[in-house]
Each structure stands twice: as structure tokens, then as C-alpha cells.
Amino acid sequence: MEKTVYIIGHRNPDTDSVVSAAAYAALKHAQGQKRVIAARAGKINPQTEYIFDRFGVSLPEYLPDLVPKAKYYISGGDPSLVSAHPGGGPGKPVTVHEEASLWEALELLQKDDSKVLPIVDRNGIYRSMLHYGGFARYIIANITPRKKSSFPLSLNHLAATIHAQPVTLFNGDEIRKSSIVVAASYTAHFTGHLETEGAENALVIVGDRWDIQKCCIKMKVRALILSGGNILSKELIELAEQNGVTVLISPFDTSSTAMLIIYSVPVGTLGDAVKPIRLHDPVRTFREALSKAPSRCLPVIDNDGKAAGVIFEGDLIKEPNIDVIMVDHNEPGQAIEGIENYKILEVIDHHRLGNLSTRYPITFINRVVGATCTIITNLYREQKIPLEKGIASILLCGILADTLVLQSATTTEADTEAAEYLSSITGLDIKALGHDLQNAANQVNSLSSEELITTDMKEYAERGFSFTVSQIETDNPEALVERRTEIAAALERMRAAKDHLFSALLVTDVTVLDSLLFVTGKKSFTSHINFPVTGQGIYVLKEVVSRKKQLMPLLAELVEKAAE
Ligand SMILES: [Mn+2]
């Protein structure tokens with residue numbers, strides 16, 4: 001089975017990470033890899049929204065988490081992803097209509113080599129499950145010499161199941177309980193028998209016995225079935241038409257015909273009402289039910305209640321049907337929740353190495369450049385894939401956003417070169433575009449303290465400690481200094497919730513390229529901070545604009561001191 005591959009950036013996504021995912025997925029599509037989907041692990045910031053909107057590129061799909069769910073393990077892939085694959089995706093699940101005959105259902109089961117079959121109504125809504133266990137129960141309950149059984153069936157199903165040639169057919173669709181009567185005795189005897197059985201619900205199987213044929217038609221049986229390909233006289237056909245009696249010619253002998261009739265009941269009457277699970281249900285919520293379910297499988301439905309397939313206990317030990325490519329991050333702590341359950345195919349990044357480990361060799365590209373978008377741009381050029389204008393435009397935005405318009409300390413020649421290349425093929429002016437991007441980002445004053453901190457927050461692990469460092473860009477840091485009590489309280493809530501060593505917010509002034517650092521933390525850490533102070537818990541970091549390249553080494557040193 002071909003898997004779906006999600007290309008996804010870090011949590012609290014910034015422009016570089018969202019654009020990298022979108023542009024790298026477009027590169028894979030151009031190379032013919034259809035089942036690759038760009039994704040993002042969170043809400044986008046106003047700048048990212050502005051960019052995708054302005055250049056008319058569709059946003060990567062939002063994934064709240066990658067906690068294992070039914071849809072990632074279901075046999076045949078997640079049907080809800082069909083629309084996402086222009087070249088086709090997982091097929092429609094095999095189901096059977098509730099009014100189809102048991103015979104048709106069994107044929108489907110055999111053809112599909114499956115143990116179970118979801119039974120659906122005319123709109124595809126799940127009704128019940130057919131499995132061999134339920135089928136066996138039906139046979140045992142109905143084929144017993146101790147009692148005379150009747151079967152709910154329609155004459156159309158009956159005719160189809162026994163491959164009959166209809167001579168006359170009345171009320172073919174009506175489903176009604178009927179009993180099978182074989183005309184094996186003398187006529188007088190038989191007539192008495194038919195009277196006690198109730199002729200109107202009798203399906204009489206008879207051979208070439210003219211007397212019995214006539215008496216059945218006179219008594220208005222539900223259907224007269226001529227076994228072994230026997231035919232009816234013209235006179236009796238006319239009588240059958242007058243009396244509204246259905247006459248069918250069965251190509252099989254009497255015993256085969258009688259046996260096949262049992263299989264013409266609508267499959268909906270045999271299904272087990274197994275409670276379905278939903279595509280997005282986490283595996284942990286149904287693992288136990290699955291181990292107790294008949295045939296150790298459960299039906300899976302989509303949001304509309306439509307049958308989406310079947311999940312077997314064995315599916316959970318197979319590899320899931322999705323893989324992941326990480327862009328703009330490599331530390332598991334910054335990745336989308338649940339990522340450890342899937343195979344990481346590639347990492348494309350420009351950050352320090354975290355503690356990622358994989359079970360397989362992977363493509364790992366990590367370059368010391370200012371933006372992952374620079375690496376992606378160069379992958380297009382190395383692999384000789386022409387850039388669409390929309391993708392080229394957002395890539396340029398990604399580079400400018402992550403490098404503060406090529407002015408941050410992380411900017412390399414490669415970033416400048418890639419930006420100039422993109423600028424020339426899109427006709428976008430770097431300075432003017434940079435100005436637009438900073439304007440779009442400058443909405444910090446309308447954000448709550450929580451939003452200021454979580455919009456671009458990263459979690460780190462170092463020397464056995466965990467901590468968070470957020471960053472926000474503004475042209476008016478004074479406005480945030482005025483809100484210092486409120487911001488410090490929000491930072492402290494963030495820190496205390498997960499018992500971090502400290503939580504910090506780097507406020508970067510894009511007009512002069514300096515930053516302020518807001519910190520709350522444990523004394524064992526804060527007592528070591530030796531940066532110039534400008535207020536309670538606020539430090540001045542002259543010419544520091546890069547969290548990754550300039551701030552993180554400073555913080556790592558302080559964490560080391562706290563560890564001693
Ligand atoms: Mn980046």
C-alpha cells in the first residue's frame with residue numbers, strides 16, 4: 001500500500017516553517033509524488049496568513065496532533081484523504097447494501113477475501129456488520145428439521161439468487177416472510193398441506209407435475225418455482241397471470257433450488273449491530289473493544305456516519321499508513337504531538353541538533369543558513385524543477401521573514417543569493433516586500449499576553465531541564481514594557497504549568513535590530529543571569545535578534561551554571 005506523507009513544520013508555526021512545508025510538498029508533487037500533503041502543527045500568525053492570502057497559495061492542512069487514530073491504521077488507507085490526492089488515493093471501502101441478498105454479500109466476501117462486510121443503507125450510512133459468525137448463526141437457526149422456517153425475502157432477490165427465468169412476476173420488490181414448500185406428495189395430500197401452511201406466503205418448488213402446478217396457481221401461492229428448467233403450459237401461464245401468481249423457472253434441481261432460496265434473504269436482516277468507531281478516534285479509546293469484538297474487527301465510519309472501512313486488531317501492529325517529513329525543526333519536543341509513532345523519512349532544517357533518533361537511515365539536510373526556505377529554494381534548483389510564481393513568492397517571504405529581511409545575524413550569503421534569485425523570477429522588490437511582511441507581523445499590541453508568548457514559542461531540553469523561549473517582533477517594544485506585569489504573570493503561568501526551569505520571551509525591535517528578554521524562572525537559574533537589566537525580569541540584549549544563533553548559546557551557558 002502506498003502511504004500518505006505529511007510534510008510538517010514545528011508547533012507554533014512561523015512563516016518559514018509553514019512556507020517550507022507548502023513549497024517542499026509542491027516540489028514532491030512536481031516530481032510525481034502524489035500522496036504528499038503539506039501540513040502545519042498549529043494556528044498561523046498574521047504574517048503567514050497575509051503571505052498565503054496575497055500570493056493565492058493554499059495553506060497547508062491544519063493537523064491538531066498526530067496521536068494514533070483509526071484512520072492512520074485502517075486497511076486500505078484513510079478514505080477521507082481521497083480528495084487530497086489528485087491522482088487518486090485509497091479506494092472506496094467495500095460495503096454491501098442492506099437490501100442486497102445474502103448470496104450477493106457472500107460473493108463479495110469471497111471476492112474480497114475478507115472476513116467481514118459493513119452493511120449500509122442507500123446513502124452509504126453504516127447499519128450493521130456481516131461476518132461469518134453471524135452467517136453461521138443464521139444457518140443454524142433456520143435450517144433445522146425441528147421447526148418450519150420462514151424467510152423474509154423479495155421475489156426479485158429470489159429470482160436473482162437462483163438465476164431464475166421469470167415467466168410472470170408480481171410485486172418483485174416486496175419483502176415478506178415466506179416458507180419453502182416442496183411438492184413431493186400426492187395432490188390431495190399436498191393441497192391440505194398448503195392450506196395449513198398458508199398458500200399466500202408459500203414458495204412452492206415443483207417439477208413437471210401438471211396437477212400440482214394448476215392447484216398452486218388456483219390457490220394463489222406467492223410463487224411457483226419450476227425446478228430443473230421445466231416449463232409451464234400456455235393455459236396455466238394465462239391462469240397465473242389472471243391470479244397474480246409469480247412463476248419462475250429455476251435451472252437447478254429441486255434440492256439445489258431449495259438450498260439457494262435460503263440465501264436470497266436481504267443481508268440487512270443478518271447483520272450484527274456492532275457499534276462503529278470514527279475515523280479520528282484515538283487508538284487508545286477502542287483498543288480494548290477491538291480485542292473483544294466479533295472477528296476482532298470494528299466498523300469505522302466518517303463524520304457523516306458513512307461506512308469508511310473496517311479496522312482489524314492486526315492492523316494496529318502493522319506500520320501506520322502515514323509517514324512524516326520534518327521541516328524547519330528536528331527536536332522531538334518542538335514537533336507535533338504523536339510524531340514518535342511514525343517513520344520520519346526526511347528532515348530539512350537549519351537549527352541546532354536536538355535528540356532525534358530514528359530506526360531507519362533517513363535523508364537529513366541541516367545547513368547553517370538563515371531560513372529553511374533557502375534550503376528548499378536550492379533543492380528546486382539542484383533538482384532542476386522550475387518554480388511556480390506563487391511558490392517562488394512565498395519562498396522569498398519565508399527567507400525574508402526568518403532573516404529579518406536579510407539583516408539578522410543568521411543571514412548567510414546563501415540566503416541573500418537565494419532571495420535575489422527569487423526576487424528576479426517573481427519581480428518582487430526585496431525591500432518593499434520586507435516592509436510589507438514586517439507590517440503584517442506588527443500586530444503585537446492587539447495580542448493578549450498568552451498570544452504574545454505562544455505565537456512563536458519553542459520548548460527545549462538541556463542538561464535535564466526543560467524551558468521555553470518565545471520570540472515576537474515589533475517596531476514598538478516600549479508598548480510591551482508597559483505591559484510587563486501582565487506579561488510576566490503569563491510567562492510564569494506557562495512555566496509553572498510544566499515545571500520548566502524558566503520561560504523567556506525575546507522581544508525584537510525590528511527598527512534598530514536589538515532585543516529585550518522577558519524572563520521568569522526558578523531562582524537557581526535567574527540568579528545567574530548577568531545581562532544588563534532594564535526592569536523587573538527584563539534584560540537588554542544589544543544587537544541580538546536571533547533566538548537560535550545568538551540567544552540560545554547564552555541561555556545554554558546559564559542552564560549549565562544552574563545545573564552545577
Ligand atoms: Mn526557520
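How many of the 5 residues of E2 are buried? In this predicted model, in which local features need pLDDT of at least 70, side-chain atom pairs count only at pLDDT 80 or more, and totals for chains, interfaces and linings use all residues, strand E2 is mostly covered, with 5 of its 5 residues buried. Residues are numbered from 1 along each chain as its sequence is written. A residue is called buried if 20 or more other C-beta atoms, placed from the backbone, lie within 10 Å of its own, and strands are DSSP runs of type E with at least two residues, while helices are runs of H or I with at least four, both numbered from the N terminus.

| Pair | Bridges |
|---|---|
| E1 and E16 (residues 322-327) | 5 bridges |
| E1 and E2 (residues 36-40) | 4 bridges |
| E2 and E3 (residues 61-62) | 2 bridges |

Within these pairings, Ile8 stands opposite Met326 in E16, Val5 opposite Val36 in E2, and Ala39 has Glu61 in E3 as its bridge partner. From E2 the chain crosses through helix H2 (residues 46-54) to E3 in a right-handed β-α-β crossover, where right-handed means that, with the strands pointing away from the viewer, the path from the first strand over the helix to the second runs clockwise.

**Nonpolar cores**

A nonpolar core is a set of buried Ala, Val, Leu, Ile, Met, Phe, Trp, Tyr and Cys residues joined through C-beta atoms within 7 Å. The largest such core has 121 residues, and those with the most contacts inside it are Ile7, Val204, Leu224 and Leu395; its largest share, 9 residues, comes from helix H12 (residues 389-402). A second, separate core of 34 residues includes Leu452, Leu517, Val519 and Val544.

**Domains 1 and 4**

The domain assignment, which is automatic or taken from a database, gives among others domain 1 (4-68 + 320-441) and domain 4 (445-563). Their centres, taken over C-alpha atoms, are separated by 25 Å. Counting residues as in contact if their C-beta atoms, placed from the backbone, lie within 7 Å, 14 residues of domain 1 are in contact with 17 residues of domain 4.

How values were computed: Contact = placed C-beta atoms within 7 Å. Pairing = 2+ DSSP bridges. Buried ≥ 20, exposed ≤ 12 C-beta atoms within 10 Å, placed from the backbone.
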